[in-house]
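This report describes a single protein model with its ligand. Please consult the sequence and the structure shown below while reading.

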Amino acid sequence: MTNDQAITCTTDGAIATITLNRPASLNAFTQKMRLELIDATALLEQDDTVRVVILTGAGRAFSAGADLTEGMPGHANFVEQCAAEYKPWLMAIHDSAKIYIAAVNGVCAGIASAVALNCDLVVMAEDAYLYQAFSAIGLMPDGGATWLLLQRLGYQRAFELAVDAGKLSAEQCSDLGIANKVVANDQLLNETQTLAERLAAGAPLAQGATKKLMRRAAQMSYSKVIDEEARLQTDLIASEDSQNAAKAFLEKRKPVFRGR
Ligand code: T3D
C-alpha cells in the first residue's frame with residue numbers, strides 16, 4: 001500500500017475496514033478514490049473469509065461528496081463518469097452477499113449520503129449528519145439518492161430534503177429509521193467493530209439470502225416474495241450451517257457458521 005492512496009483498506013479476521021482518506025478536503029470523492037474503491041471492493045468480494053465491511057472516513061468527516069475541484073477527467077459528461085466510476089461501486093455494495101456498515105463520522109454530504117444509505121447498516125456518531133448538498137450547488141440527488149431517499153423516507157420528506165439542501169442530524173436519522181445506532185463520537189469505530197464482530201459470527205448464507213431478497217422485495221408482490229423466501233429457505237434448510245446450528249441448539253452449544 002502506498003502513502004498517496006485515497007483510501008485505506010485493512011482486514012482483521014472476517015471484518016474489513018475501508019477508510020476514505022482525504023481528510024484535508026473532507027474525503028471528497030476524486031476519480032482516484034472512486035477507482036480505488038472499485039478495486040478494493042472487488043478484492044474483498046473475492047475473499048470468502050471477509051463477511052462484514054465497514055466504510056468510514058478519516059478525520060472529521062465521512063465525506064463531503066464529489067470533489068468540486070476536479071471536474072470529470074477522461075469523461076465527456078456525468079452519464080459517462082457515473083457509469084464508469086460511481087455505479088459499479090454502488091452496485092457492488094448492493095449486490096454483495098457481505099454486510100456493509102457505514103460508520104458515519106461528521107458530515108456525509110451529496111453522493112456520500114447515497115453511499116451511506118446504500119449500505120446495509122448505518123452507525124452514526126452523535127455529531128454526524130446527512131446533508132443533501134446537491135441543490136445548494138444547483139444539482140439534483142445522484143448516485144441513486146433519489147431512489148434511496150424516496151424508499152426510506154416517503155415522497156414529501158425526501159422531496160423537501162432534496163430541493164431544500166436538507167440536513168438530518170444523527171438523532172433525526174435514528175428517529176426516521178435510517179440510522180441503526182447513534183453512538184458517542186469517540187466510540188464510533190469501537191461500537192461499529194463490536195456490531196461487525198457480532199454479525200461476522202452469524203450465518204453468512206442466511207445473511208446473504210436475506211440481503212438479496214430484501215433489496216428486491218419492495219419491487220415485488222407479496223405473493224412473489226412468499227415464493228422467493230420459500231425457494232431461498234429451501235437451500236438454507238439444506239445447508240451444513242443450518243443443520244449444524246439446529247443440532248447445536250438441541251445440544252445447548254453455540255453454533256459456528258462456516259458459510260456452507
Ligand atoms: O460534479 C460532479 O462530480 C457531479 C456529482 C455530484 C455529486 C455530489 O456529491 S454533489 C455535492 C458535492 N458536495 C458539496 O456540495 C458539499 C460542499 N461542502 C460543503 O458544503 C461544506 O464543506 C460541508 C458542509 C461539507 C462542511 O463544511 P465545514 O464548514 O465543516 O468545512 P469546510 O471548511 O467547508 O471544508 C473544509 C475543507 O474541505 C475546505 O478546504 P480548505 O478551505 O480547508 O482548503 C473545503 O473547500 C473542502 N471541501 C469541502 N467539501 C468539498 C471540499 N473540497 C472539494 N470538494 C468538496 N465537495
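The side chain of Ser-63 has a polar atom 2.9 Å from the backbone oxygen of Asn-27; a polar contact is a pair of N or O atoms within 3.5 Å, where within protein one must be able to donate a hydrogen and the other to accept it, and residues adjacent in sequence count only if both atoms are side-chain atoms. Ser-63 belongs to the loop between strand S3 (52-57) and H2. Helices (H or I, at least four residues) and strands (E, at least two) are DSSP runs, numbered from the N terminus. Ser-63 counts as buried because its relative accessibility is 0%; buried means under 20% relative accessible area, exposed over 50%, and partly exposed in between (1.4 Å probe, protein chains only).

The model is predicted: local features need pLDDT of at least 70, side-chain atom pairs count only at pLDDT 80 or more, and totals for chains, interfaces and linings use all residues. Residues are numbered from 1 along each chain as its sequence is written, and side-chain values use heavy atoms, with hydrogens and water left out.

**The ligand**

Which residues come nearest to the ligand? Of the 21 residues around the ligand, these are Arg-60, Ala-64, Ala-66, Leu-68 and Ile-111; a residue is near a molecule if one of its heavy atoms lies within 4 Å of it. The side chain of Arg-60 places an N or O atom 2.8 Å from an oxygen atom of the ligand. A nitrogen atom of the ligand lies 2.8 Å from a backbone N or O atom of Ala-64, and a polar backbone atom of Ile-111 is 2.9 Å from a ligand oxygen atom. The protein buries 63% of the 1100 Å² that the ligand exposes when taken alone; accessible areas come from the Shrake-Rupley method with a 1.4 Å probe.

Ile-111 is also one of the buried residues of helix H3. This helix, residues 111-118, is mostly covered, with eight of its eight residues buried.

**Salt bridges**

The structure holds twelve salt bridges, each a side-chain nitrogen of Lys or Arg within 4 Å of a carboxyl oxygen of Asp or Glu. Three of them are listed here.

| Pair | Closest N and O atoms |
|---|---|
| Arg-22 and Asp-67 | 3.0 Å |
| Asp-120 and Arg-215 | 2.8 Å |
| Arg-216 and Glu-228 | 3.3 Å |

Arg-22 lies in the loop between strand S2 (15-20) and helix H1 (31-46) and Asp-67 in the loop between S3 and H2, so this pair ties together parts 45 residues apart in sequence. Arg-22 is partly exposed at a relative accessible area of 23%, whereas Asp-67 is buried at 11%.

Asp-120, in the loop between H3 and strand S6 (121-125), and Arg-215, in helix H8 (residues 204-217), are 95 residues apart. Asp-120 is partly exposed at 26% relative accessibility, and Arg-215 is buried with a relative accessible area of 15%.

Arg-216 in helix H8 and Glu-228 in helix H9 (residues 222-237) are twelve residues apart. Arg-216 is partly exposed, with a relative accessible area of 33%; Glu-228 is buried, with 10%.

**Helices H4 and H7**

Leu-150 is found in helix H4 (residues 145-153) and is partly exposed, with a relative accessible area of 41%. Leu-199 lies in helix H7 (residues 188-200) and counts as partly exposed at 21% relative accessibility. The C-alpha atoms of Leu-199 and Arg-51 are separated by 8.2 Å, although these residues are 148 residues apart along the chain.
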